Amino acid sequence: MKTIAGFVFLMGIILFFADTEVLAPLGGFAVYFIVGGLVMLAIAQLAGNREKNWRCRIGFHDFERKERVEEVPAMRWYRCKRCGKEKRAASIV
Ligand SMILES: [Zn+2]
């Protein structure tokens with residue numbers, strides 16, 4: 001599903017920038033491809049993470065500060081309390 005959505009999105013981008021005579025008549029559809037691809041990606045995103053909390057699914061994670069990143073002391077690990085997603089972010093504290 002995500003592959004198809006990504007492909008449609010990519011098609012749109014290609015069509016959008018394509019300037020060849022062969023693709024020119026399709027140029028008007030480029031924006032539909034891009035929008036369609038994005039919508040499909042969003043749907044795939046929501047459908048694929050069904051086990052997660054809905055807030056995590058739309059990207060609102062509840063990050064908790066963890067230990068410092070060993071190789072980069074200015075950064076810390078953050079872990080979401082609900083889904084366990086981890087990220088690194090700068091922290092001076
Ligand atoms: Zn989360």
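Strands S1 and S2 form a hairpin with 6 residues between them. Strands here are DSSP runs of E with at least two residues, numbered from the N terminus, and two strands pair if DSSP finds at least two bridges between them. This is a predicted model, in which local features need pLDDT of at least 70, side-chain atom pairs count only at pLDDT 80 or more, and totals for chains, interfaces and linings use all residues. Residues are numbered from 1 along each chain as its sequence is written.

**Sheet organisation**
- An open sheet is formed by 3 strands in the order S1-S2-S3, with antiparallel pairing.
- Strand S1 (63–68) and strand S3 (86–90) are the edge strands, each of which pairs on one side only.
- From one strand to the next, the twist averages 35 degrees; axes are lines fitted to C-alpha atoms, and angles run from 0 to 180 degrees between N-to-C directions.
- Strands of a sheet pair through backbone hydrogen bonds, either parallel or antiparallel.

**Pairing of S1 with S2**
- S1 and S2 run antiparallel and are joined by 4 bridges.
- Phenylalanine 63 has cysteine 80 in S2 as its bridge partner.

**Pairing of S2 with S3**
- Strand S2 (residues 75–80) pairs with S3 in the antiparallel sense over 5 bridges.
- Tyrosine 78 stands opposite lysine 87 in S3, and arginine 76 has alanine 89 in S3 as its bridge partner.
- S2 and S3 also form a hairpin, with 5 residues between them.
- Glycine 84, in the turn of this hairpin, has a positive phi of about 80 degrees.
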